[in-house]
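Please examine the sequence and the coordinates alongside the text.

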Amino acid sequence: MIQPAQYLALAAMLFTTGVVGVLTRRNSIIIFMSIELMLNAVNLTLVTFARMNGNLDGQVLAFFVMIVAAAEVVVGLAIIMSVFRRKASASVDDAKTLKW
Amino acid sequence: MEKYVFWVMAFLSLGSAILMIRARNPIHSALLLVLNFFTLSVFYVLLDAHFLAAVQVIVYAGAIMVLFLFVIMLLGVDRDDVVEERIPLQYPLAILLGLAFAGIAVWTLHTTVGGAQFRGIEAANQGGNVEAVGRVLFTKYMFPFEVASVLLIVAAIAAMVLGRRREEEETASLIGDSTPDGREPAREPAKVGDER
């Protein structure tokens with residue numbers, strides 16, 4: 001029988017992978033994907049806690065996280081596209097001015 | 001049974017995540033992330049969250065990752081990105097701090113919920129998980145649910161506003177000259193020139 005701590009440890013490792021991805025990569029799209037990975041790791045934590053405590057609030061919260069993540073992806077990719085249009089680059093090092 | 005599925009999926013999940021942040025080609029990263037989302041969906045099934053498992057596949061692996069792949073291919077950034085280190089010791093420090101973070105998180109989990117068992121969600125899932133989640137969503141969480149719909153509309157409008165080309169850019173690209181106010185012309189990459 002798998003214990004909650006094992007799911008939670010796996011979620012923590014996935015979250016850490018996302019953190020390392022954000023810290024090491026330069027490509028803004030990959031950084032964005034790492035953020036999605038972190039959000040999903042937290043979702044796994046929430047669902048695990050929901051089953052651990054025997055109620056559905058955690059699942060509903062994970063559902064709301066998915067909604068917010070969808071909205072965030074739409075806006076974020078639009079920003080990446082408009083930056084790319086100006087700078088011809090998806091590297092976060094090239095986007096260092098807020099206005100130009 | 002749950003044990004074997006868990007360990008196989010945990011291996012796949014962590015492996016795809018680590019390969020995802022290491023892949024040089026963004027398309028490979030996106031596809032590995034899709035694999036990661038599928039394994040998370042399997043975990044949701046193991047945790048009796050059937051509704052979220054379906055939503056995970058439909059929304060994340062379906063919609064969001066297609067959007068990612070669409071943007072990657074539209075921008076044409078599917079080539080190796082620059083790997084030079086601008087900050088000294090960035091990679092070793094990032095990995096070291098990451099391992100430290102994981103260690104702290106796992107240790108905290110071990111000390112707080114180390115011996116905890118699943119209470120089981122069968123009672124709350126009476127009559128099916130989808131029905132139960134729907135009942136909670138439309139009674140206890142009615143207001144956040146409606147606010148979420150507003151958020152999605154705002155996000156859609158924001159994407160339209162951000163994705164729009166400004167009129168001065170259009171004239172600049174038509175003339176092929178500098179913009180009216182004398183700024184540098186927007187450097188258009190060859191690969192996104194199909195709008196003209």
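## Basis and confidence

The model is predicted: local features require pLDDT of at least 70, side-chain atom pairs count only at pLDDT 80 or more, and totals for chains, interfaces and linings use all residues. Residues are numbered from 1 along each chain as its sequence is written, while chains are lettered from A and ligands numbered from 1 in the order in which they are written.

Confidence is expressed as pLDDT, the predictor's confidence in each residue on a scale from 0 to 100. Chain A has a mean pLDDT of 89, with 98% of its residues at 70 or more. Among the elements of chain A, the mean is lowest for α3(A), at 91, and highest for α2(A), at 93.

## Architecture of chain B

Chain B contains 7 helices and 0 strands, where helices (H or I, at least four residues) and strands (E, at least two) are DSSP runs numbered from the N terminus. The order of elements is α-α-α-α-α-α-α. Of the 196 residues in chain B, 22% are buried; a residue is buried if 20 or more other C-beta atoms lie within 10 Å of its own, exposed if 12 or fewer, and partly exposed in between, with C-beta atoms placed from the backbone.

Contacts are pairs of residues whose C-beta atoms, placed from the backbone, lie within 7 Å. Of the contacts in chain B between residues at least 6 apart in sequence, 47% join residues at least 24 apart. In helix α2 of chain B lies B:I27, which is partly exposed, with 15 other C-beta atoms within 10 Å. The C-alpha atoms of B:I27 and B:S41 are 21 Å apart, across 14 residues of chain.

## The α3 helices

Helix α3 of chain B (residues 50-75) has 26 residues and spans 36 Å between its first and last C-alpha atoms, close to the expected 38 Å; the expected span is 1.5 Å times one less than the number of residues. A kink of about 30° is centred on B:M65, the bend being the angle between axes fitted to the seven residues ending at a position and the seven starting there. Just after α3(B), B:G76 adopts a positive phi of about 65°.

The buried residues of α3(B) include B:F51, B:L52, B:Y60, B:M65 and B:F68. The buried residues of this helix pack against α2 (28-53) and α3 (57-87) of chain A, and against α2 (26-46) and α5 (129-139) of chain B.

In chain A, the 31 residues of α3(A) should span 45 Å, and the end C-alpha atoms are 44 Å apart, which agrees. After α3(A) comes A:A88, with a positive phi near 55°.

The largest nonpolar core has 68 residues, of which A:A11, A:I29, A:M33, A:V47, B:L33 and B:L52 touch the most other members. Such a core is a set of buried Ala, Val, Leu, Ile, Met, Phe, Trp, Tyr and Cys residues joined through C-beta atoms within 7 Å. The most residues of this core come from α2(A), with 13. Leaving aside neighbours within four places in sequence, B:L52 is in contact with A:V47, A:Q59, A:A62, A:F63 and B:Y44.

Methods: Contact = placed C-beta atoms within 7 Å.
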